[in-house]
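Colleague: Before I use these assignments, I would like to hear how each label was reached. Could you take me through them one at a time?

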Amino acid sequence: MTINEYYDTFKDEVCHNIDAALTDTSPVYPSIAKNRSFVYDYGQWIRAIDNRPETVIYKNAIRAYQEAFSNMLMGLYQPAFMGLRYFLERTLMGVYFSANELELRTWLAGNRDTYWTELIGEEGEDKERKDGAQNVNRGLFSLKFTRAFFEEFDKICLRFRSQTKNVYRECSEYVHGNPYVIKQLGDKMEYSEELSKRWNDSADTIARCILYAFMMRYWKSLSEGQKEPLHSRLREEFSTTDVIKEFIN
């Protein structure tokens, strides 16, 4: 088989997978449509804060999300999960660095690495509270970070930390190639409703965690005009979260 013949076959398989994923009778289709619309919602946040230096990170992150989304449609599930994890990590890094421009500029100059533990908070720090319930000082879901930007969220930041930590771990399983993941992926590049659903469930959770992080960090610094394009998705996403929805008018 020549390289042209090989990739002609590859193209046919990819097109078949895309058609299968985008069948509007598929039970996964509503989630696919919602997650694709998140590209627009994320872009609205970038436009609202486009004068800030960390938006360069968000613009790279949303590009990675779109690549991951395309890989999911094509049946390339392992790189799809890898890209989804990258999207989550890069976005949260931008939110975290937004509070410290020195660290951001050091990273932009190539003189600093980033670590998941500094974004999510180190596990051992839970011991600083007698009830072991909350990271107090470290990470963007900590009480210190939350109270600095949106103190009313200090009762729910732990919930979103837990959701973010769990979905990151789920995506990481595909990065590390755990044995059961390898078995699940199989040997062929073919459409899988189960893997498509799993990816879209993870993407939906990630969107929710990112919208929380964006609102927690930026909402109080935005003008009413900047907030207006963001209201619709926030109302939809947090309609059952009383602590958040009372601030979305």
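Colleague: What makes Ser 142 count as buried or exposed?

Modeller: Ser 142 has a relative accessibility of 1%, and buried means under 20% relative accessible area, exposed over 50%, and partly exposed in between, with a 1.4 Å probe and protein chains only; Ser 142 therefore counts as buried. This is a predicted model, in which local features need pLDDT of at least 70 and side-chain atom pairs count only at pLDDT 80 or more, while totals for chains, interfaces and linings use all residues. Residues are numbered from 1 along each chain as its sequence is written, and side-chain values use heavy atoms, with hydrogens and water left out.

Colleague: Where does Ser 142 lie, and what does its side chain reach?

Modeller: Ser 142 lies in the loop between helix H6 (116–120) and H7, where helices are DSSP runs of H or I with at least four residues, numbered from the N terminus. Its side chain reaches the backbone oxygen of Gly 139 at 2.7 Å.

Colleague: Why is the pair Arg 147 and Asp 154 called a polar contact?

Modeller: The side chains of Arg 147 and Asp 154 are joined at 3.2 Å, and a polar contact is a pair of N or O atoms within 3.5 Å, where within protein one must be able to donate a hydrogen and the other to accept it, and residues adjacent in sequence count only if both atoms are side-chain atoms. Arg 147 itself is placed in helix H7 (residues 143–150), and with 46% relative accessibility it counts as partly exposed.

Colleague: How do you know that the length of helix H2 agrees with its number of residues?

Modeller: The expected span of a helix is 1.5 Å times one less than its number of residues; for the 20 residues of H2 (residues 29–48) this should be 28 Å, and the end C-alpha atoms are 30 Å apart, which agrees. The buried residues of H2, among them Phe 38, Tyr 42 and Trp 45, pack against H1, helix H3 (55–74), helix H4 (77–97), helix H10 (193–218), helix H11 (224–227) and helix H12 (231–237), contact meaning heavy atoms within 4.5 Å.

Colleague: And what makes Asn 51 buried or exposed?

Modeller: Asn 51, found in the loop between H2 and H3, has 69% relative accessibility and so counts as exposed.

Notes. Helices (H or I, at least four residues) and strands (E, at least two) are DSSP runs, numbered from the N terminus.
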